[in-house]
Amino acid sequence: MGLYIIYIIYIIIILWAYIVTCPLKKQYLLPTVKYGGGSIMVWGCFSWHGVGNLAPIHGIMTADKYVDILTENLEESTLKMDLDEEWMLQQDNDPKHTAKKTKKFLQDCEIEVLEWPPQSADLNPIENLWSLLDAEIQLEKRHNKTVFLNELQLKFQQTDPNYLQKLVESMPRRLEAVIKSRGYNTKY
């Protein structure tokens, strides 16, 4: 047993020496994506019927910017998603969602908002969609934000309707899990 361990250590030392002393070869290097911070912020929505618009957010998101995004995208999105007059907007308690300006805009436009308890877990199923899209895009090489955003737009529009329907159907289970866990973390 002692010889075996020494042999493994000897192999590791030889490999380490080889790696340290050999010049780096391009075929063994993986390129990294570098584009100033690496994050892209978007607003998007979906329903049982499909996805709506996907709007890039440039700069810091404020209540003013959020209202602008809703103004520019919400009505068109409801048409894309084939929603009739009976729908509700689901959003969390982010300060820009609960700002007076946002509340006034939603009230003036007669948009019904699903009540969301304060300090609640993030149960919004769109987070699952973002994770899925991010994983799909990360598997492929992206060299800058523009390419990444274009790929995100394409993947978002191609989202499988069955997946969206499963996310919508999961809402009662999500809420039930929060009640059962008395507000603590759930699998969602």
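A residue is taken as buried under 20% relative accessible area, as exposed over 50%, and as partly exposed in between. By that scale Thr62, at 35% relative accessibility, counts as partly exposed. The structure described here is a predicted model. The protein has eight helices and two strands, arranged along the sequence in the pattern α-β-β-α-α-α-α-α-α-α.

**Overall composition**

- Of the 188 residues in the protein, 31% are buried.
- The accessible surface of the protein amounts to about 13700 Å², and carbon and sulfur atoms contribute 58% of that surface.

- Strand S1 covers residues 41-47, and strand S2 covers residues 50-57.
- The two strands, S1 and S2, pair in the antiparallel sense, with six bridges between them.
- S1 and S2 together form a hairpin, and two residues lie between the strands.
- Within this pairing, Trp43 has Ala55 in S2 as its bridge partner.
- S1 is mostly covered, since six of its seven residues are buried.
- In a regular strand, side chains alternate between the two faces of the sheet.

**Helix H5 against helix H7**

- Helix H5 comprises residues 126-138 and helix H7 comprises residues 161-169.
- The axes of H5 and H7 come within 10 Å and cross at roughly 145°, and the crossing is right-handed.
- On the H5 side the contact involves Asn128, Leu129 and Leu132, which meet Tyr163, Leu164 and Leu167 in H7.
- By class, this contact of H5 with H7 holds five nonpolar residues, one polar residue and no charged residues.

**Helix H7 against helix H8**

- Helix H8 runs over residues 171-180, and its axis comes within 4 Å of the axis of H7, with a crossing of roughly 35°.
- Lys166, Leu167, Val168 and Glu169 in H7 meet Met171, Pro172, Arg173 and Arg174 in H8.
- The residues of the contact of H7 with H8 comprise four nonpolar, no polar and four charged.
- Leu167 of H7 takes part in the contact with H5 and also in the contact with H8.

**Individual positions**

- Thr62 is placed in the loop between S2 and H2.
- Thr62 and Lys96 are separated by 34 residues in sequence, yet their C-alpha atoms are 5.8 Å apart in space.
- Asp68 belongs to helix H2, which spans residues 63-80.
- Because its relative accessibility is 42%, Asp68 counts as partly exposed.
- The C-alpha atoms of Asp68 and Phe105 are 9.9 Å apart, while 37 residues separate the two in sequence.
- Asn124 sits in the loop between helix H4 (100-108) and H5.
- Asn124 counts as buried because its relative accessibility is 14%.
- Leaving aside residues up to four places away in sequence, Asn124 touches Gln90, Gln91, Trp116 and Arg174.
- Arg174, one of the residues that Asn124 touches, is also among the H8 residues that meet H7.

Methods: Residues numbered from 1 in each chain as written. Predicted model: local features only at pLDDT ≥ 70, side-chain atom pairs only at ≥ 80, totals over all residues. Heavy atoms only, no water. Axes fitted to C-alpha atoms, helices over the stretch in contact; angles between N-to-C directions. Left-handed = near helix turned anticlockwise from the far one by under 90°. Contact = heavy atoms within 4.5 Å. Nonpolar A, V, L, I, M, F, W, Y, C, P; charged D, E, K, R; others polar. Buried < 20%, exposed > 50% of the residue type's maximum accessible area, 1.4 Å probe, protein only. Pairing = 2+ DSSP bridges. Areas by Shrake-Rupley, 256 points an atom, 1.4 Å probe, with all protein chains shown as cover.
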